[in-house]
Structure formats: structure tokens, C-alpha cells
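These are my notebook entries on one structure. I record what I looked up, entry by entry.

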Amino acid sequence: AHPTVTININRPDGSKIEKEYSDKEGTVINASREKGDVRVGDNYLRYNGKTYELFVRIDDVIFKSTMTPRLPMWRPKTGHWYFGDKQEYFFAWFVAVPAADLASTLRTGKEVREMKGAGYHDHNWGNTGMQEIFNHWYWSRAVFGEYTVIACDLVSVKKFGYTRLPVFMIARNGAIIDDDESSVKIERKDTVRHPVTKKFVDNRLVFTKKTPRGAEYRIELIRKRDIEVVDLIAT
């Protein structure tokens, strides 16, 4: 393995910048065992107990960002999904930062931009490739007003029964108020065949969640265009 950093910049006008840096193959990753502190070449990510500091410098691109979490770390139950007769395969997912305030500086060549916005960080791992256990999935997050939402619909491969594995978390004003996916209903609408991947894609997904107290949350996702299309299996 060789520790690698990538940065992808999607501009409002549709243009893109993609950069990558890798240490030599076989390099042991430079990371602390006591706290969040990882370095790859001149690039680093550090956590000081309150904020995350990210620095990336690759060629003529320099990106600095300070991320201040607005919500506690979160995962759905144990954060693990098991597959197989003996549950020998697993996929795990953890959301270190469900929502954060970002203050960033981006330098591309001679152009410098000061930016503020919303940030997010998660991590997934497992003991087998995702394409071996999932047929397809929809994953989303959104921050609007005082709310933060994570809504996902994971579908296993035929071997594991095309099992639907929903994820749902809703937070308000810095506190998670509901993350029980057991009563979530998901409707898929306006299904089309994607012109690039040739696979079907649902242009609308509606997540409906009813609580024991009679409240109802309804999240509707509407796909208008693609920012990026990537064949994950090929890459």
C-alpha cells in the first residue's frame, strides 16, 4: 500500500481540478495512535479535541481548512452490517463529523479564495469489496436551517436476497433527535436508465419516518443533474 491524498475541486462553471499525491509503495503511514493526527507527505489532518485542521498542497493547489463540529460523532447502532451464512462478511460505516462549520482557503495558481460553508466527514471499511455485498445504494446528507439529515437506502446483492438496509438520522440544533431506521418507509419514483452507466437510477426518493409520539418526518430527494460520474468497480 502507499498512503495517498486526493483533492477534487468542482467549480460552479462545471470545470474541474483533480490532484493526487502518493508516498512510495510500502511506506508505513505516518499517524498517531493517541489522537487524530495523520500526515502524508506535506499534507496532514489533525484533531485538537475541538476542531479538525486539514492541509493539502499538491503542485499549484493549496487548501487549508478548519472544521468545527456542530454534532457529536454518530453511527447507526453498531455501524456494522454482516452477510453470509456465518456472517463472515461485513461492511462498517462511521460518521466522525455529521455536520460542521468550515472556514477554508483555496489557492489554485495565482487565484485565492476565502470560503465558509458546511462540512462533513465519514469513513467506511470492511473485509470484502462493496460490490460483493451491495447491488446498489443511495446515500445522502443535507444541512438546511436548524436541521441535519442523513438518509440512505442500501440494497444487497441477489446472493443475500436484495435485502433493503435503510439508514436515517435527523438532528436539530446540534442534537440528534431520531436515528431509528426500523420504521422508515422509502419510495422510489421517476426511474430512468442513466445515459453513461446504463443502469437505472431513481430521480426521486421519499423517506417517511413516523415516531411513536405521532410525529412524521418526510425527506424528499430530487436528482436534477450529475456533478460527477465514476465507475467505482473499474477504479
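I am working with a predicted model, in which local features need pLDDT of at least 70, side-chain atom pairs count only at pLDDT 80 or more, and totals for chains, interfaces and linings use all residues. Residues are numbered from 1 along each chain as its sequence is written, and side-chain values use heavy atoms, with hydrogens and water left out.

Entry 1, strand 9. I looked up the partners of strand 9 (residues 89-108), and strand 7 (residues 61-69) pairs with it in the antiparallel sense over nine bridges. There, T68 stands opposite D101. Strand 8 (residues 80-83) is also antiparallel to strand 9, over four bridges, and F83 faces Y89. Five residues separate strand 8 and strand 9 in their hairpin, where G84 takes a positive phi near 105°.

Entry 2, the next hairpin. Strand 10 (residues 111-126) joins strand 9 in the antiparallel sense over 14 bridges. R107 has V112 in strand 10 as its bridge partner. I find two residues between these strands, and G109 in the turn has a positive phi of about 65°.

I take a nonpolar core as a set of buried Ala, Val, Leu, Ile, Met, Phe, Trp, Tyr and Cys residues joined through side-chain atoms within 4.5 Å, where buried means under 20% relative accessible area (1.4 Å probe, protein chains only). The largest such core has 20 residues, and W74, W81, F83, W93, F134 and I150 touch the most other members. Two or more of its residues come from each of strand 8, strand 9, strand 12 (147-156) and strand 13 (164-172). A second, separate core holds 12 residues, including A151, F168, I186 and I219.

Contact means heavy atoms within 4.5 Å. Leaving aside residues up to four places away in sequence, F83 touches E88, Y89, I133, F134, S156, F160 and L165. I then turned to T208, which lies in strand 16 (residues 200-210). Is T208 buried or exposed? T208 is buried, because its relative accessible area is 10%. With the neighbours up to four places away in sequence not counted, T208 touches S183, V184, K185, E187, E216, Y217 and R218.

Definitions and conventions. Pairing = 2+ DSSP bridges. Buried < 20%, exposed > 50% of the residue type's maximum accessible area, 1.4 Å probe, protein only.
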